[in-house]
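Work through these exercises with the model open. Try each task before reading its solution.

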Amino acid sequence: MVRRKTNIWPYLLIAPALLVILSVVFVPAVNAILMSFQNYDLRRPSQTGFAGLANYIEIIKDPLFGEALVKTILWVVFGVGFQFVFGFILALLLNKKFKGRGFVRSVSLIPWVTPGVLIGLMWRWIYDGSYGVLDDILLKLGLIGDKIPFLAQESTAFPSVVVTIIWQGIPFFALMLLAGLQGVPRELYEAADIDGANAFQKLFNVTIPSIKNTIFVTTLLRIIWVANSVDVIFNMTGGGPAYSTQTLSVYIFNTATSLNLGYSSAMSIILTLLLLLVAVPYLRSMFRNQEA
Amino acid sequence: MRENKRGSARFFSLYLPLAVLLVFLIFPFYWTLVTSLKPDRELYGSIVTYWPRNVTFLSYENLFTQFQFLKPMSNSFLVAIITTLLSLTVSVLAAYAFSRYRFKGRKVFMMLFLTNNMFPTVLLLIPLYSIMRNLGVLYTPMSLVLSYTTFTIPFSVWLLNGYLDDIPRSLEEAAEVDGANKAQAFLRIILPVLVPCIVATGVYIFMTSWNEYTFAVMFTNEANRTIPVALKNLIGELGVQWGLLTAGGVITIIPVCIMFFFAQKRLVEGLTAGAVKG
């Protein structure tokens, strides 16, 4: 390209998008940081004012925060972990040739386009302790002797919401990994066949190394989305019973809607910092191939 | 014999696991549909039926007459359309700059857009609430449009930038040699090629705006609440009215499913291009 004097066109072109983003993301983000250092509880407006690190110190002492942090980690590890496993299986299956593949692929993506609220409510109905279909199926199969109120008791509520988030995320994983699989050169498999590799050896020595990057990027994206997800849990259990399904995002949302804005801002800053740890390698990989 | 063996191998390695996964993925939708068609007596009866004994559309009727579901539907539609148009306009321009110009600070600006997707909704929720209040747009559709751009613009810029990078530069260069300037080359050469990609991006924006709940529940009131909030509000003091709720659910996903089926091929290409190449 011919080197010209500084061109103002690219700046003009990005200006509108940049302006919107700065005012709806960066200004609020800075506000959130400022708010996190304040006593800011709309239920106690007279006490509003600078509070230094008080909110952060309170977080350290708050047993609910610790519990929510552990729940968030479990939520992400099991949620994203099984989304990956089943998504990968689905992608491998959809990568085979069979009649109606296009149709099956479209249909299997529907959970991905369904609103989180609806997902939460649909599953709440399935898990219902009195009229729920899951209890009915398990009873008919003889797997349980009595109806289980899945979302109403502490021991089953958390695994139940995790199953729902797994269900939601399988399609996205399958979609991304399928695209990765279709890019693996056929010759690699032919070479492996000549060497006498079996199906498992091909999977671990050819397939997975070839789509390593897709797996990496998709997993990081999912971790961020799943950690941020509020609507599914909120509409299934609201975080209960006895806080057993309260992840950090849900805890922050609950605190914010109960109008303790300073405290919930401080918690959301910590959540953001934790997510940045995940995001940095993702951003690096996005920029590796970008020229200046 | 051998034919048979191969057939059963294919059954166990393909059809069976595929069927199990599909049943898992699709059953909740089937169950939602069945629930919406059942009369209350059957819904809350002692026996669970897997297809309604008496199919009824009463829930749908009630949804539109008693609960005026058309109102939240048109609210959602309005918000989603404005969000889509606004996000697309500014994103196409920005993506074009990132793809076709090399300028000082390009990397920093791209980074600004990309990091946007990392900010949790719950972080922006509270400060945006007070900003919307100060701007006087709280409890209007505009507050939702503005808050939805927090995730639609960064995402669209990224997606469109990927599509644009795939369009060879030689196309515009040929036009420029013929005396067209950059704007003319963009309008006459790039834009027509880009239209399907813009449509796909638009469908994605529409979908995410149509489905969003967390901002919507904070920034709307009775008059302008959107579908997800309206659905949640069907849970009244007397518990959940599952017939109504599932009928609302069926109506909510039909439009997005239809749009998605038309746009999915291009959308999937765009979504996966970055991950696969990078």
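This is a predicted model: local features need pLDDT of at least 70, side-chain atom pairs count only at pLDDT 80 or more; totals for chains, interfaces and linings use all residues.

Residues are numbered from 1 along each chain as its sequence is written, while chains are lettered from A and ligands numbered from 1 in the order in which they are written.

**Exercise 1. Describe the contact of chain A with chain B.**

Step 1. Count the residues: chain A brings 81 residues and chain B brings 74 residues. Two residues are in contact if their C-beta atoms, placed from the backbone, lie within 7 Å.

Step 2. Find the top contributor on chain A. Helix α1 (residues 9-36) of chain A gives the most, with 17 residues. Helices are DSSP runs of H or I, at least four residues, numbered from the N terminus.

Step 3. Sort chain A's side by class: 57 nonpolar, 21 polar and three charged residues. Ala, Val, Leu, Ile, Met, Phe, Trp, Tyr, Cys and Pro count as nonpolar, Asp, Glu, Lys and Arg as charged, and the others, Gly among them, as polar.

**Exercise 2. At what angle do α1(A) and helix α6 (residues 121-135) of chain B cross?**

Step 1. The axes cross at roughly 100° and come within 8 Å. Axes are lines fitted to C-alpha atoms, for helices over the stretch in contact, and angles run from 0 to 180 degrees between N-to-C directions.

Step 2. α1(A) is therefore roughly perpendicular to α6(B). Angles under 35 degrees count as roughly parallel, over 145 as roughly antiparallel, 65 to 115 as roughly perpendicular and the rest as oblique.

Step 3. Locate the contact. Its residues include Val24(A) and Pro28(A) of α1(A), and Leu123(B) and Ile131(B) of α6(B). By class there are 12 nonpolar, one polar and no charged residues.

**Exercise 3. Locate the domains of chain B.**

Step 1. The assignment gives domain 1 (2-56) and domain 2 (66-277). Domain bounds come from an automatic or database domain assignment.

Step 2. Their centres, taken over C-alpha atoms, are 33 Å apart.

Step 3. Seven residues from domain 1 and six residues from domain 2 make the contact.

How values were computed:
Helices (H or I, at least four residues) and strands (E, at least two) are DSSP runs, numbered from the N terminus.
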